[in-house]
Amino acid sequence: MEATLEQAALRAPTLEQDQRDAAAFTGNSSRDHGGDAAEATRAPGSAPAVTSRISVQKVCSVVRKFGKFKRNLVEEIGFGGMLKIRMLTRLNLKFSAWLMERVESNELKIDEERILKIQDHDVEKVFGLPCGTRLISPDTPEPSEACIEFLRVSSNLSKGAHSLKAAEAYLLRDDINEDSSKVQIDCFKIAFLVFVVGHLLAPSTKYDYISIDFWAALNDTSRIKEFNWCRYVLEHLIRAVRKLKSDIRNRHKTIHLVGCHVFLQVFYLDNLDLGPLSKTWEGLPRISLFDYESVKKMTEMITNDVGGDTSFAGANFRCAQDVCQSHSEEPFIPETNQADIASDLPCHSPGFGGTEDQHSPINPMLRSSFTETGPEDFSNHLRLKYPSLVGHPLAAILEEHNARIMENISQISNSYQIAMFSFMDQLLGSISENRCCCRALGRTNCLLRSPHAIPGNAHRTPKKRKSQFYSTVTGRAIQQILGKHKKTRGNRTS
């Protein structure tokens, strides 16, 4: 069985194999997997047709059928973010291709001034994936009992462990419940990872097939969340970018997108200033805020026709405090010495094989590492970081204590605001009583005097506390105003 796993790792398709498979790949992928079918057709003389096997719709349709027990199993391995993805029935593949063309190394470069760093933690915030310290390697360890069982069961269900249909069939089994054995539960977790990686996180051009180059991360399901799945997604996305640029350079009539290009759409749209269409900073993972209608409206808002070509650069980046993504100090650096790099790609291609010195000096627009947080973010952080505490009394105690603190902070903030109202009214009221400025201009009514009476004692403080609002600085300011007024009148008299 160890030999079987080693063969499975060696069968992982290279970039050249994906390109050969793509030659036989037809546009019905859009119909089968939720892509935009209109983009799979190509008129003579028009731009290349764009297709993709990625399927957010498939992931959502299967996850919706999970009960509480299965959802808890997904949470245990740190992939709870996959349970919150909204239904995206169709994807704008031209938008994905446009974004992928502008990926250079670890940057999304729209132009010389609009540049976004792409790092592991950005993927973590978009999808809620584990971003552990262990890197996923294609090495094949001694197979665990669960891996052996999954290989056996998937071979009976379909074409083996590489079949996405076999993984889906296992996920929808009715006998996975509280009474299931540990091996069955581990097989469910393995099947879920095979399913989401093949349909969303790292899809290839092949129908019903996935290259399982992450066996090492599946061998012990209790340690799945110790691996850096965010880095894994980015590495496959960079490979997909190389493939896209190679296909465009070779003038392919049909462009087959691989990799998780939906991440680029969500990441880019979430960083744009689209007014009322922009998503608020609350809520993780970020993809849970993006449904089909909102993505469609946001994309339409930034779409422009530039010289007959479609551009999606019709918006500026948001202010740092309005953006949820924050970047770590350690950037994502894609591997360049992989065997799957196409041989026709020149080693000096900008951003992929060369160095940063090949580009003119620029100042990237970095997003701030500071973001506001609220009670919902505390609960999300607790669920994502410590999934084993979900439903535990400790989690309830932590959330209750956090809610109490946030309530106290809100009350303190409100008290300060009321005090500021009172300070403003009394300060401006004192200045208006002297009417020095207005009298000098010949006005009968002071501009600072409010024509509206404040009902009751709203925003007022007791008279005995009135003196505390008149600081030394305030007194000096009033004295200077009165002094200048007397001096002006004296000059006029003389």
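**Backbone features, core and helix packing**

Arg251 is placed in the loop between α12 and β5 (254-257), with helices (H or I, at least four residues) and strands (E, at least two) taken as DSSP runs numbered from the N terminus. The structure is a predicted model, in which local features need pLDDT of at least 70 and side-chain atom pairs count only at pLDDT 80 or more, while totals for chains, interfaces and linings use all residues. Residues are numbered from 1 along each chain as its sequence is written, and side-chain values use heavy atoms, with hydrogens and water left out.

Ser105 is partly exposed, its relative accessible area being 22%. A further backbone feature is the cis peptide bond between Leu284 and Pro285, where omega is about -5°; Pro285 belongs to the loop between α13 and α14 (292-302).

For the chain as a whole, the secondary structure amounts to 18 helices and seven strands, and 45% of the 494 residues count as buried. When contacts (heavy atoms within 4.5 Å) between residues at least 6 apart in sequence are considered, 77% of them join residues at least 24 apart.

The largest nonpolar core contains 99 residues, and those with the most contacts inside it are Phe79, Phe127, Leu200, Trp229 and Phe263. Helix α10 (residues 182-201) contributes the largest share of this core, with 14 residues; such a core is a set of buried Ala, Val, Leu, Ile, Met, Phe, Trp, Tyr and Cys residues joined through side-chain atoms within 4.5 Å. Apart from its neighbours within four places in sequence, Trp229 is in contact with Phe79, Leu129, Pro130, Ile136, Leu193, Val197, Phe214, Ala217, Leu218 and Ile224. Phe263, another of the core residues with the most contacts, is among the buried residues of α13, which also include His261, Gln265 and Asp270. Helix α13 (residues 261-270) is mostly covered, with 10 of its 10 residues buried.

Two residues illustrate how positions separated along the chain come together. Val59, in helix α4 (residues 56-63), is buried at 1% relative accessibility, and its C-alpha atom is separated by 8.4 Å from that of Ile85, 26 residues apart along the chain. With neighbours within four places in sequence left aside, the contacts of Val59 are Phe195, Val196, His199 and Leu200. Glu76, in helix α5 (residues 68-76), is instead partly exposed, at 39% relative accessibility. Although Glu76 and Ile224 are 148 residues apart in sequence, their C-alpha atoms are 9.1 Å apart in space; the contacts of Glu76, again leaving aside neighbours within four places, are Lys189, Lys225 and Pro387.

Helix α8 (residues 145-157) packs on helix α9 (residues 164-171) at an angle of about 105°, and their axes are 9 Å apart, the axes being lines fitted to C-alpha atoms, for helices over the stretch in contact, with angles from 0 to 180 degrees between N-to-C directions. The two helices are therefore roughly perpendicular (65 to 115 degrees; under 35 is roughly parallel, over 145 roughly antiparallel and the rest oblique). Val153, Ser154 and Leu157 of α8 make this contact with Ala166, Ala169 and Tyr170 of α9. By class, the α8 and α9 contact has five nonpolar residues, one polar residue and no charged ones, where Ala, Val, Leu, Ile, Met, Phe, Trp, Tyr, Cys and Pro count as nonpolar, Asp, Glu, Lys and Arg as charged, and the others, Gly among them, as polar.

In the second pair, the axes of helix α7 (residues 120-127) and helix α12 (residues 229-249) come within 8 Å and cross at roughly 105°, and α7 and α12 are therefore also roughly perpendicular to each other. Here Asp120, Val123 and Glu124 of α7 meet Cys230, Arg231, Val233 and Leu234 of α12. By class, the contact of α7 with α12 comprises four nonpolar, no polar and three charged residues.

Methods: Buried < 20%, exposed > 50% of the residue type's maximum accessible area, 1.4 Å probe, protein only.
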